[in-house]
Amino acid sequence: MTIDPQANSRLGRYVETPVAGEVVRAFVPPPLPPKPEIDILLLLDRLSAAERALGRLDGAAVLLPRQELFLYMYVRKEAVLSSQIEGTQSTLSDLLRFETEAQSGQPIDDIREVSNYVDAMMYGLERLGEFPLSLRLIRELHARLLQGGRGETKNPGEFRRSQNWIGGTRPGNALFVPPPISELDACLDAFERFIHETESRLPALIKAGLLHVQFETIHPFLDGNGRVGRLLVTLFLCANGVLRNPLLYLSLYLKTHRADYYRLLQEVRESGAWEAWLEFFLDGVAETANQAFDAAVRIADLFTKDRERIAAESDRAGSTLRLHELLQQNPFVTANGLVARTGLTAPTVNAALSDLVRLGIIEEITGRRRGRVFSYRAYLDILNEGTAPLRS
């Protein structure tokens, strides 16, 4: 009996390649979609739950009075979490204070990396309106992600032209060695073709899960692969109309379950265990979407209650409500910044700040008499959930 080698192409192949004075076995993944085909019936319940959660989140975002504001903050939370997985120690508060030009508590390089992630994400979402999701766009995102700071030496915007590896102190003891340079172009070409193919008729969520693993396995850049790979999930779902608003970001789920995440990636490579990975991925989509929905509802409720308190109890409700509006855009403010942004006088701004402190809506966090910084603590508490840096 003749066995068709294409009948089971879930398993990749290894290529011996010389790296840094030693010969290592680099892994070359098979093209997507997997064969035998993904068992959609096995995943149907999880797929339905994930799609329902995404639909509910999309609906909630439309109902929010300031959905662009929720997106603004949610993008920043994802940037912090995705960068933490790569080793930065910045928190969401660090980033927001940095953007307000208030004093920051973390190394500037850490905050720059997170700020670059925000820039790359927003750029990618804007570009999708005029340009398809493609290798070219992925390189453009990478260039923005690594601009300035520690990433400048890692060829921003260029696919690697040297061998990399994951885990270990050298290629010879690495956990995983991605495709060698001789195979990289073919892997990337097949990856891009799968982004746009329709013959498999796979649901977009399933394709997003497959693309994420394939990108991580190809590992086409010298640095920033994880961040780009996580960003691709949301960009792909937006490009395919699954999300109207780019509110699905998986970094908190992957950060919380990082041991399972890395194990499942490796099991796909070693044994073609795509269904196990997709179960994990779809559970993460549902959990993440439900968390975002809950946060959106709680934030909207907080803003409504605080506006009502200001209207009822403030001695200068008009100016105080204007400050509250700006606090929704950035929960860290300074008096000078508010004067510049509102056109109100310094005495009026300071009186309104005092009102907000008295009502317990904001608090002063520096303890200084000059250059004081005020924070919208209850708002920050919702945004900050899950964003403590990873322990080393």
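Guide: This is a predicted model, and we can begin with its largest cavity, whose lining residues divide into nine nonpolar, three polar and two charged.

Visitor: What makes a space a cavity, and which residues are closest to the centre of the largest cavity?

Guide: A space is called a cavity because a 1.4 Å probe fits there but cannot get out. The search of the whole structure finds four cavities of 30 Å³ or more, and the largest cavity has a volume of about 100 Å³. Its lining has 14 residues, and those closest to its centre are Arg 10, Pro 29, Pro 30, Gln 214 and Trp 274. Two elements, α7 and α10, each give two or more residues to this lining, with the largest share, three residues, coming from α7.

Visitor: How do you know what span to expect for helix α10, and which of its residues are buried?

Guide: The expected span is 1.5 Å times one less than the number of residues. For the 14 residues of helix α10 (residues 258-271) that gives 20 Å, and the distance from its first C-alpha to its last, 20 Å, is close to this. The buried residues of α10 are Tyr 261, Leu 264, Leu 265, Gln 266, Val 268 and Arg 269, and what covers them includes β2 (22-28), α7 (204-218), α9 (251-256) and α11 (274-313). Just after α10, Gly 272 takes a positive phi of about 70 degrees.

Visitor: Why is helix α8 described as largely enclosed by the rest of the structure?

Guide: Helix α8 is described in that way because 14 of its 15 residues are buried. Its length can be checked too: the 15 residues of α8 (residues 225-239) should span 21 Å at 1.5 Å a residue, and the end C-alpha atoms are 20 Å apart, which agrees. Just after α8, Gly 241 takes a positive phi of about 75 degrees.

Visitor: Why is Asn 225 called buried?

Guide: Buried means under 20% relative accessible area, and Asn 225, at 3% relative accessibility, therefore counts as buried. Asn 225 is found in helix α8, and, leaving aside residues up to four places away in sequence, it touches Asn 164, Phe 215, Glu 216, His 219 and Pro 220.

Visitor: What makes the approach of Asn 225 to Phe 221 a polar contact?

Guide: A polar atom of the side chain of Asn 225 lies 2.7 Å from the backbone oxygen of Phe 221, and the cut-off for a polar contact is 3.5 Å.

Methods:
Residues are numbered from 1 along each chain as its sequence is written. This is a predicted model: local features need pLDDT of at least 70, side-chain atom pairs count only at pLDDT 80 or more; totals for chains, interfaces and linings use all residues. Side-chain values use heavy atoms; hydrogens and water are left out. Helices (H or I, at least four residues) and strands (E, at least two) are DSSP runs, numbered from the N terminus. Buried means under 20% relative accessible area, exposed over 50%, partly exposed in between (1.4 Å probe, protein chains only). Contact means heavy atoms within 4.5 Å. A polar contact is a pair of N or O atoms within 3.5 Å; within protein, one must be able to donate a hydrogen and the other to accept it, and residues adjacent in sequence count only if both atoms are side-chain atoms. On a 1 Å grid over the protein atoms alone, a cavity is a set of points where a 1.4 Å probe fits but cannot get out, and a pocket is an open set with protein on both sides within 12 Å along at least five of seven lines; lining residues have an atom within 4 Å of a point. Grid points are joined across faces, edges and corners, and a volume is the space filled by probe spheres set on the points. Ala, Val, Leu, Ile, Met, Phe, Trp, Tyr, Cys and Pro count as nonpolar, Asp, Glu, Lys and Arg as charged, and the others, Gly among them, as polar.
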